[in-house]
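Visitor: Could you walk me through reading a few features of a model?
Guide: Gladly. Here is the model.

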Amino acid sequence: MKPQEYIDAISSGKMDEKLKAVYVLDSAVEAQKTRYINTIKEFINIFGNDREIIITSAPGRTEVCGNHTDHNNGKVMAASINLDAIAVCAASDNNTVRVQSVGHAMNVVDIDKLLPDETEFGHSTAMVRGVIAKIEDMGYSIGGFDAITTSDVMGGSGLSSSAAFEVLLGTTVSYLFNDGKISAVDIAKIAQYSENVFFGKPCGLLDQMASSVGTFVTIDFKSTENPIIKKVEFDFSQSGHSLCIVDTGGNHSDLTDDYAAVRGEMESVAKAMGKNVLREIEFEAFKNAVPQLKGKVNDRALLRAYHFYGENKRVEEAVDALESNDFEAFKEIIVESGRSSYMLNQNVFSPSNATEQKLSLALCITEDMLKGRGAYRVHGGGFAGTIQAFVPNDMLDEYKNAMESVFGLGNCHVLIIRPVGGTRVM
């Protein structure tokens, strides 16, 4: 269909069921209809109304357990959420890709020039170029296209706005030029490659995989080429709790060195033992080697290694707890995960700005309110941004009001778990 035809179909309710398959709630569908129509109108304003379009979506993600383990081939539990990036897009008859994200400058990429460019590091144009380059490198078809994108995944929130954008691009190319045949796992790998090689950020694979695959998943990255992905059978809506993400107001944009240090220090331990990543070393072997490692690597690296092994075990225990419908045990595991992140992994505030501790304050207030009833931990990469809390429903209003009184109105987000990852919506 052409853009105006989509607008008419959405306005008349013909697309309601397709939207509900992604956004779950009837109330969410109504809000999305307005958002989709406005994005299509923006496409018409910039690119015209004469071409067939498709609409794609990729969600943000919440990391449920397994903090900073993926980059050392560890285990994680994550879930896609209802906040997402969407794209209205159409193929073009030239070799140029134009991606206009609402509120930002247009990204323009010549697909005949798909090499990394250090001058683009840190810019979204690099993500576009990297995704297309990797798709071509993997033997899939590429082509020129125009797209308007918009996202309600907040930047710097720990909900992985960059991964959602990268997965959105991969999903778009998959449906525009490959009949949707690029697998969710391959799209995640494409997105990670783009961020590592073209954007210049040494991220792991968790964010992209959770966004691309969707729903509650546990992922074992022992083999990054063939990660083991398993859906976790648990109906969160029956838990009596809500999932809250509290945005404390910090921003991730200047924390690349802190993130890189977590991965680098864990890998320094592995390399001191003749391996590349910690997953290649058994926990007992690591413990026995600590006396010899002391002095070869820094003390924080050893603490972060202890965190890695503990988190892998906690992911297994968290999956078991949910599959056994034991939410109380699950909450205890989440609290333990948060304590390990704070004490061992040390990613709750940046050592370069130790007096700014918004995450620490949010965790302190949350523990005071929820101790013995809820669960709470740093969320995502850490150092700034967000915390995650599982809040009993009878305390939800009280908790939300308390957090927003400190961190600002609208900064406590009550989320739902989205059942699909990167997808063509209509």
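Visitor: Where is Glu118 found?
Guide: This is a predicted model. Glu118 sits in the loop between β4 (106-110) and α4 (124-137).

Visitor: Is Glu118 buried or exposed?
Guide: Exposed, because its relative accessibility is 65% and the cut-off is over 50%.

Visitor: How far apart are Glu118 and Glu166?
Guide: In sequence, 48 residues separate Glu118 from Glu166. In space, their C-alpha atoms are 18 Å apart.

Visitor: Now helices. Which residues of α13 are buried?
Guide: The general idea comes before the case. An α-helix has 3.6 residues a turn, so residues three or four places apart point the same way. In α13, the buried residues are Leu396, Tyr399, Met403, Glu404 and Phe407. They cover an arc of only 120° around the axis, which puts them on the same side of α13. The face turned away from that buried side carries the exposed residues Asp397, Asn401 and Ser405.

Visitor: What covers the buried residues of α13?
Guide: The cover includes β8 (241-247), α12 (358-370), β10 (386-392) and β11 (412-415).

Visitor: How many residues has α13, and what follows?
Guide: Helix α13 (residues 396-407) has twelve residues. From first C-alpha to last it reaches 16 Å, close to the 16 Å expected at 1.5 Å a residue. Just after α13, Gly408 takes a positive phi of about 110°.

Visitor: How do I look for empty space?
Guide: Rolling a probe the size of a water molecule over the atoms shows where empty space is left. Here, a search of the whole structure finds one cavity of 30 Å³ or more. The largest cavity holds about 30 Å³ of space.

Visitor: Which residues line the largest cavity?
Guide: Ala87, Val99, Phe145, Ala147, Thr149, Leu168, Leu169 and Thr172. The lining divides into six nonpolar, two polar and no charged residues. β5 (145-151) and α5 (161-177) each supply at least two of the lining residues.

Conventions. Residues are numbered from 1 along each chain as its sequence is written. This is a predicted model: local features need pLDDT of at least 70, side-chain atom pairs count only at pLDDT 80 or more; totals for chains, interfaces and linings use all residues. Side-chain values use heavy atoms; hydrogens and water are left out. Helices (H or I, at least four residues) and strands (E, at least two) are DSSP runs, numbered from the N terminus. The expected span of a helix is 1.5 Å times one less than its number of residues. Buried means under 20% relative accessible area, exposed over 50%, partly exposed in between (1.4 Å probe, protein chains only). The arc is that of the directions from the helix axis to the C-beta atoms. Contact means heavy atoms within 4.5 Å. On a 1 Å grid over the protein atoms alone, a cavity is a set of points where a 1.4 Å probe fits but cannot get out, and a pocket is an open set with protein on both sides within 12 Å along at least five of seven lines; lining residues have an atom within 4 Å of a point. Grid points are joined across faces, edges and corners, and a volume is the space filled by probe spheres set on the points. Ala, Val, Leu, Ile, Met, Phe, Trp, Tyr, Cys and Pro count as nonpolar, Asp, Glu, Lys and Arg as charged, and the others, Gly among them, as polar.
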